[in-house]
Amino acid sequence: MRDDLDLNELIRSAARGDQRAFEDLVVLKRERVVRTAFQIVGDMEDARDVAQGVFLRLWRVLQRFDLERRFDTWLYRITVNAAIDFIRDRGPKGFLQPLPEDAGDRLASAQPGPDVVVDRERLQKTFLRLAAALAPKQRAVFVLKEIEGLDTDEVARVLDISESTVRNHLHQARRILREAIRREHPEWS
Amino acid sequence: MSPHVDPRELDDASGEARRVLLEHVAACRACRAAAAAYDPSLLFALLALAPVPAAVLDAVSQDVLRRIEPPSRRAPLRAVAAAAAVVALASGVSIFLPGFEPTPVTPLAAVVPRADVDVAPGGAVSQVVDFTVGDTQVVMVYNAELQL
């Protein structure tokens, strides 16, 4: 695992045009970028396109990155903006389209244990279906806070909104999802 | 200390601490039930543990690396083109850009031999800055696609 000094050196080299360093940077950050994009756009092929766009943009603007700032926050910002732009272009009125029942199958399940694997696949499908009811910003806040595990203040910096707005979006998103789960999957709770 | 995860603790945690709690919840039926009873939307946090398929990650790397180009290949060319235009025009040399009519430059002196520089026009819009320093008129032409 790289520490901040290693990361900064990698960023410096990549910003100078070192393609090998940039490749390392992509490998280091690609899973986070793809996962975040996937949970927002709801489709793995679309998430792959978004991620490519994110890294191509990163290559162009990396020399402007201020090393005093947190790189992950900056990268999340580029990713979330790209994903939200994508779904706004795709869907009417800025809202997501409902996804097919099998949309979550393309996100691999992890260890450990077969029962967890089954649960997680079902969980992914359910999230993609129910999260289609969220506004893009609500969905982005939920993904960053609940799935990516960011602090409220970092979510606020990523989305360039106040912490109280983050809390409000999160409250609304969780209420919508909670009510949908209780309506459609009463056996969960 | 309870071996089980309090859903409120999971709700408040972030970063690596949250990941540790999630790994426990993912493997513990009692904790999943407790989280679902507290707020079933909390269960979606378990998606943080799902890895992205390696084939997708490799495809992202390959596509990105195929499409990037070294920045040093283009940027200096622009600088050279712009600088050459400045030097050439300040010396009384004219540059001919098809489709582009620069501000007429006052001939500085008959002693300066005129020379022509052929410049292939680029697709971008040309920007022109025209000013005089003493007896020297300077015309700067900037075009991001200029190829000398």
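Biologist: Which side chains do I see meeting in a salt bridge with Asp39(B), and how should I read such a pair?

Modeller: Side chains of opposite charge can pair when their charged atoms come close. The term salt bridge is used for a side-chain nitrogen of Lys or Arg within 4 Å of a carboxyl oxygen of Asp or Glu. Here the partner of Asp39(B) is Arg178(A), with N to O at 3.0 Å. Please keep in mind that this is a predicted model, in which local features need pLDDT of at least 70 and side-chain atom pairs count only at pLDDT 80 or more, whereas totals for chains, interfaces and linings use all residues. Residues are numbered from 1 along each chain as its sequence is written, chains are lettered from A and ligands numbered from 1 in the order in which they are written, and side-chain values use heavy atoms, with hydrogens and water left out.

Biologist: Which helix of chain B gives the largest share of the side that touches chain A?

Modeller: Helices here are DSSP runs of H or I with at least four residues, and strands are runs of E with at least two, numbered from the N terminus. Helix 2 (15-27), helix 3 (29-38) and helix 4 (54-67) of chain B each supply at least two residues of that side, and helix 4 gives the largest share, 10 residues.

Biologist: What is the area buried between chain B and chain A?

Modeller: The size of an interface is often given as the accessible area lost when the parts come together. Buried area is the accessible area (1.4 Å probe) that two parts lose on being put together, summed over both. Between chain B and chain A it is about 3900 Å², and carbon and sulfur atoms give 63% of it. Phe44(B), Leu47(B) and Ile68(B) supply 18% of the area that chain B buries against chain A, more than any other three residues. The contact (heavy atoms within 4.5 Å) takes 40 residues from chain B and 46 residues from chain A.

Biologist: Within chain A, where do Glu148(A) and Arg35(A) lie?

Modeller: Chain A has 8 helices and 0 strands. Glu148(A) is in the loop between helix 6 (136-147) and helix 7, while Arg35(A) is in helix 2 (residues 19-41), 113 residues apart. Their side chains meet in a salt bridge at 2.7 Å, N to O.

Biologist: Is Glu148(A) buried or exposed?

Modeller: Buried means under 20% relative accessible area, exposed over 50%, and partly exposed in between (1.4 Å probe, protein chains only). Glu148(A) counts as buried because its relative accessibility is 11%, and Arg35(A) is also buried, at 13%. Asp160(A), by contrast, is exposed at 62%; Asp160(A) is found in the loop between helix 7 (152-159) and helix 8 (163-184) of chain A, and has a positive phi of about 55 degrees although it is not a glycine.
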